[in-house]
Amino acid sequence: MRPQPRRALRIALAAALVAAPLTVAATSAAQAAPSAATSVQAAGVGLDDPHKKDIAMRLVSSAENSSLDWKAQYKYIEDIKDGRGYTAGIIGFCSGTGDMLELVQHYTDLKPGNILAKYLPALKKVNGSESHAGLGAAFEKDWATAAQDTVFQQAQNDERDRVYFNPAVNQAKADGLRALGQFAYYDAIVMHGPGSGSDSFGGIRAAAMKKARTPAQGGDEATYLKAFLDARKVVMKKEAAHADTSRVDTAQLVFLNAKNFDLNPPLKWKVYGDSYAINS
């Protein structure tokens, strides 16, 4: 049976609320003189390049939404009955875990009086619960309407970058990783949440660093990335919603085994048995 990708993300978002903030500072060892691997990374195109970033969004969407059309997810909203209220948008913002509230507040800061602003009091009240009180069908309809507004789309992009993308890419660059490693970090933080707990992104990275040195520490990039992906799979298998590890096994490991450290197309991979390709 195919796992529910959105459920996996919802669990991660809830965990992120109690986890310590992710530090993007390099470890003391990583602050040492740059290694050759670090120099190679610096010369490459990072995941924050617009085209590379779009590739990253499509890769994540294949796992989270079974689609490469990540921009179609601005309008997504659903209660998947996991106890966290609504999940919605491009990264699974949740009414029960606080990040949906932060998103709508950011949207309102950018555009006062928007169609979702009137729901801020209700979102504050339902935060931390599965309740739909003050939301319901009207909220779902208005969310879909707001999703057509480029300002709301920008607000979703902003929150995705602030909480997930930028911290992951910055940490990966500090660790001397090229675009593939930066994506591995981003995909992990999307699923497992930021923080330093053992089952969070920070915990996965710490476990990997016990097995292999990062390129910034003078280690081999492939060896370290394999250790990171192995550590991530251990955490994934602890939770039923994460237990299908195909987004690692038949996607990221495929790119790693091909030594495609710059994450250059053409890319071919599978998630949950479905095949995908990015040709350019």
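A salt bridge is taken here as a side-chain nitrogen of Lys or Arg within 4 Å of a carboxyl oxygen of Asp or Glu. The structure is a predicted model, in which local features need pLDDT of at least 70 and side-chain atom pairs count only at pLDDT 80 or more, while totals for chains, interfaces and linings use all residues. Residues are numbered from 1 along each chain as its sequence is written, and side-chain values use heavy atoms, with hydrogens and water left out.

The model holds 16 salt bridges. One of them joins R58 to D54, with the closest N and O atoms 3.0 Å apart. Both residues belong to helix α3 (residues 50-64), where a spacing of four residues separates them by about one helical turn. Helices (H or I, at least four residues) and strands (E, at least two) are DSSP runs, numbered from the N terminus. An α-helix has 3.6 residues a turn, so residues three or four places apart point the same way. R58 is buried at a relative accessible area of 18%, whereas D54 is partly exposed at 23%. These classes rest on relative accessible area: buried is under 20%, exposed is over 50%, and partly exposed lies in between (1.4 Å probe, protein chains only).

Helix α3 as a whole is mostly covered, since 12 of its 15 residues are buried. Among them are I55, M57, L59 and V60, together with the charged K52, K53 and E64. The end C-alpha atoms of α3 are 21 Å apart, in agreement with the 21 Å that its 15 residues should span at 1.5 Å a residue; the expected span is 1.5 Å times one less than the number of residues. At the N-terminal end, D49 caps the helix, with a side-chain oxygen 3.1 Å from the backbone nitrogen of H51. This is a polar contact, meaning a pair of N or O atoms within 3.5 Å; within protein, one must be able to donate a hydrogen and the other to accept it, and residues adjacent in sequence count only if both atoms are side-chain atoms. Just after α3, S66 adopts a positive phi of about 55°.

Other salt bridges connect separate elements. R205 and D175 meet at 2.8 Å, N to O. Because R205 lies in helix α9 (residues 201-211) and D175 in the loop between α7 (150-174) and α8 (179-192), this pair ties together parts that are 30 residues apart in sequence. R205 and D175 are both buried. A further salt bridge, at 2.7 Å from N to O, joins D249 and K233. Here the link runs between helix α11 (residues 246-257), which holds D249, and helix α10 (residues 221-236), which holds K233, the two residues being 16 apart. D249 is partly exposed at 28% relative accessibility, and K233 is buried at 18%.

Attention now turns to helix α6 (residues 136-146), in which G136, F139, D142, W143 and A146 are buried. They lie on the same side of α6 because they cover an arc of only 110° around the axis, the arc being that of the directions from the helix axis to the C-beta atoms. The exposed residues A137 and K141 sit on the face turned away from this buried side. The buried residues of α6 pack against β1 (77-78), β2 (87-88), α4 (99-110), α5 (120-126) and α7, where contact means heavy atoms within 4.5 Å.

Of its 75 residues, F139, W143, Y186, F228 and L263 touch the most other members. Helix α8 gives the most to this core, with 10 residues. In soluble globular proteins, nonpolar side chains tend to be buried together.

Beyond its neighbours up to four places away in sequence, W143 touches residues including Y74, L103, F152 and Q156. Q156 is found in helix α7 and is buried at 0% relative accessibility. Its side chain reaches the backbone nitrogen of I90 at 3.0 Å. Helix α7 also holds V163, which is partly exposed at 22%. V163 touches I189 and P194, not counting residues up to four places away in sequence.

Notes
A nonpolar core is a set of buried Ala, Val, Leu, Ile, Met, Phe, Trp, Tyr and Cys residues joined through side-chain atoms within 4.5 Å.
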